[in-house]
Amino acid sequence: MNKYKLGLLTGLLVTGLSVAGFAAQILGAGATFPYPLYSKMFSDYNKLTGIEVNYQSIGSGGGIRQILSRTVDFGASDGFMSQSDLEKAPDTLLHIPICMGAVVIAYTLPGISKQLKFTPDVIAAIYLGDITKWNDARIEKLNPGVELPDMPIVVIRRSDGSGTSFIFTDYLSKVSKTWAKEVGRGTSVSWPVGLGGKGNEGVAGLVKLTPGAIGYIELVYARQNKMDYGSVQNRSGLFVKPALDSIEAAAVVDIPADTRISLTDTKARFGYPISGFTWLLVYQDQKYGNHTLKDAKELVGLLNWMIKDGQAYAKPLDYAPLPKTASSKAAALIKSITYNGQPLM
Amino acid sequence: MQEEDLTITSGKISPTGEFLFQKGIRLSGLLIAGLVVCILITLIFQSIPAFKHHGLSFFFSTKWDPVFSEFGVVVFLVGTLLTSFLALLISIPFSLSISILLGEYLKKGWISAILKSCIELLAAIPSVIYGFWGLYVLVPFIRPFEMGLGIIPYGVGIFTAALILAIMIIPYSASLGREVIQLVPAELKEAALSLGATRFEVMTQVILPYARSGIFAGILLALGRALGETMAVTMVIGNSNFLPESIFSPSNTMASVIANEFTEATGDLYLSSLIEIGLLLFIVSTIISVIGRYIIKKLSIQQQHS
Amino acid sequence: MKKSAIGARIIKDRLFTGIIFAFSAALIIPLIMILSHILQKGASSITPAFLTHLPAPVGEAGGGIYNAIIGTLYLVGLASLLSVPIGMATGIYMSENKNSKLSYFVRICVEVLQGTPSIVVGIITYLWVVKPMGHFSVLAGGIALGIMMLPVIIRSTEETLNLIPHSLKEASLALGVPYYRTILKVIVPSAFSGILTGILLGVARVAGETAPLLFTAFGNPFINYNILKPMASLPLMIFTYATSPYEEWHNYAWGASLVLIGFILALSLITKGVTRR
């Protein structure tokens, strides 16, 4: 009863404060990788519930920074936060997986229509600056019958802190010892070569604009922009095209309770090797700053919708929906969200 | 002061109104002064962690590595100076020509009116639009040119950024240059002309030497603007955190690295290093603009006395 | 021999004149290129729906820039509200106390502010407003733009007030009008057009600013009037859309550029009208 009164009171207060009838707004920021999906989800969620979700795709690094400094209601990242970063947080942070995606190797080579094949070694060598020409013997060997031009490879990478970079460098660290030693993995790393684009959008834009360019971007960006992208050899030796089924195949692994797991270079036989989850980051206890109980409830409602009904939006946009194992773990995580210690569901 | 004496002796005064007014305007003045002082203090205070960690090596290190938390400003300093000075170099013939044309050759008339409006228009275009235009119109233009030179056709890079910057700063130095050339006393010019000098000779031997420091001030102010310019540069410079190999290399300036990385700097040291870059940028552009304005002020005082 | 020397001098003179004209005329080329490109690209995307609709999700047709237009007006209005009173008061103080120590110091401060890179203003506002309040907001964006407007308003107020003849003030004081009323009711109104010009110039200066808004007003695909929440703006929208790979978003950005330039040009035309009067 008391709690009910409190809720009513805060509710009244909120309506009182929002003088001109401000619509409820939830602010999120972070990953550009799932941005097309989120913008579609949130636009329809607004039509369904009237709740406005303002999502700004500033990069996963930004999402982590902003949730750590509590300037947003949720962060979004496609790289899971390290233990040391989690310890920096003022309170327990949860990783809620929303969907899966693939990082594809996109390129612009005028006059070449056949899908190129890449091995992990070749990708690492290109990004380490060892391979600098398209007609390098190592690329030609993989792609017999393709007239590769005598053109410099313009390497494009992210200029901002990004989960896409995290997935990509995580993959390179697993497949190349030199990479692991010299560069490492992270949302932003010290790239040996290359030109920086801001966001998945920026990289896609640069790759598309520059003849001879190569870049790593989320599958949906390559598809929507009708860009060429290659197939990549996975651990079992197969050249796999990034597609929904091959992403889903990569996720056939054990998922821990906190869902912080990398899906790159998994043992899955038909899996595309540069796949990954993308997460929303929220505080387990929602009572902080000027968050009201109503805000907390709206956020939990949104999260629940995203991992359930919202999943229907994934496939049409080339994102793989959550596998059952992940989705039940996500639901459990959402259930554990509290407001001032009190469970919300 | 004289006015104050008058108010005391004048009839109906509302002492509170008078008091509030005096205090109010003084307070605003103090507020402005406080604002600037607080900006400086905040920047210094927030860059202390970075300074403590890196010390002076921050100013000598060419490394910018967020993964291993090694930060140095040299790459961005070089990028900033290269783009700004290259832009200045490109802009000077244009801005000087316009200054001379509008200040001496065509002081009035429709051509000068048109040219003046053009300069105003150039100054009014927001920098993000310059960047946008640069990215989609200028970059594809530069690319074949780079291919012709046999270098990697990035399209974006220091040269492209400098070109855009040059267009953006011409209005600044040109309008100031025009003013100082107009300030040259007519007697001097007439004396030279009456001795049979051509206009060219009057220009190079009388007007330009006389207006030299003013023109220099205009160039300084343009430089100050070029150093701090953010959006247009961020969009066309290529965002590469390495020392450039040539003027066609992609690079990053102090302003563009802040624009790119400020919202996502995880870790206090990273953020603090970015703020330290901001502090450096603030100090450099402040010094340049204060010197520029000092020269202008001195000139106009001279003018009033002569 | 003498004749040829004169000939050479005349040729040099002609050549110089030619070069000067050529370089000056060359400046018009980029201007025409930029304006025609924006006009051509922008005009095709501007429709009534474009101006009155919210943006559509990625990959969906339709949608507009209504949120950004409202946001820019909101931000610029707020910035003016914050900076005009302070700026004018400071300008009055400086013109009335020309030789005081504070005036001298403030003058330097105004110069510093004028030369401060916009991105630094962004950092400062983030540290002062966003971080302590825990939210990106219209307020933070308005403060950032307000700081950028201040020097323009202060200078124009001071300079116009300095131009008002001293006799005007003396006449008013001689009639027994108190000092503060003289300033407010006689001096400021007669300097009105000059001060208004300054305000309009300030608005035109900040309306196109992007860098201070990156980490303050942030962005918003919806309409928001709450001063404590983020909001979109035209320049920021142009930046985000311009750097995206989507063709239709580029067209949005061209349209938004045309709207923004139109807004700024309208302001400067009004300014010219005011000064002429």
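**A tour of helices, an interface and a sheet**

In this predicted model, begin by selecting helices α3 and α9 of chain C, where α3(C) passes α9(C) in a right-handed crossing. To see what brings the two together, show the side chains of Thr72(C), Val76(C), Ala79(C), Ser80(C), Val84(C) and Met88(C) on α3(C), and then those of Ile195(C), Ile199(C), Val203(C), Val206(C) and Ala207(C) on α9(C), which together make the contact.

Next, select chains B and C together and look at the contact between them, which takes 70 residues from chain B and 67 residues from chain C. On the side of chain B that touches chain C, helix α2(B), residues 15-54, gives the most, with 16 residues. That side of chain B has, by class, 42 nonpolar, 21 polar and seven charged residues.

Finally, move to chain A, where an open sheet of three strands has the order β5-β10-β11, with mixed pairing. Strands β5 (117-118) and β11 (239-240) of chain A stand at the edges with a single partner strand each, so one side of each is left without a neighbour in the sheet. Between β5(A) and β10(A), residues 231-233, the strands run parallel and are joined by two bridges; select Lys117(A) and you will find its bridge partner, Ser231(A), in β10(A).

How values were computed. Residues numbered from 1 in each chain as written. Chains lettered and ligands numbered in written order. Predicted model: local features only at pLDDT ≥ 70, side-chain atom pairs only at ≥ 80, totals over all residues. Contact = placed C-beta atoms within 7 Å. Helix = DSSP H or I, 4+ residues; strand = E, 2+ residues; numbered from the N terminus. Nonpolar A, V, L, I, M, F, W, Y, C, P; charged D, E, K, R; others polar. Left-handed = near helix turned anticlockwise from the far one by under 90°. Pairing = 2+ DSSP bridges.
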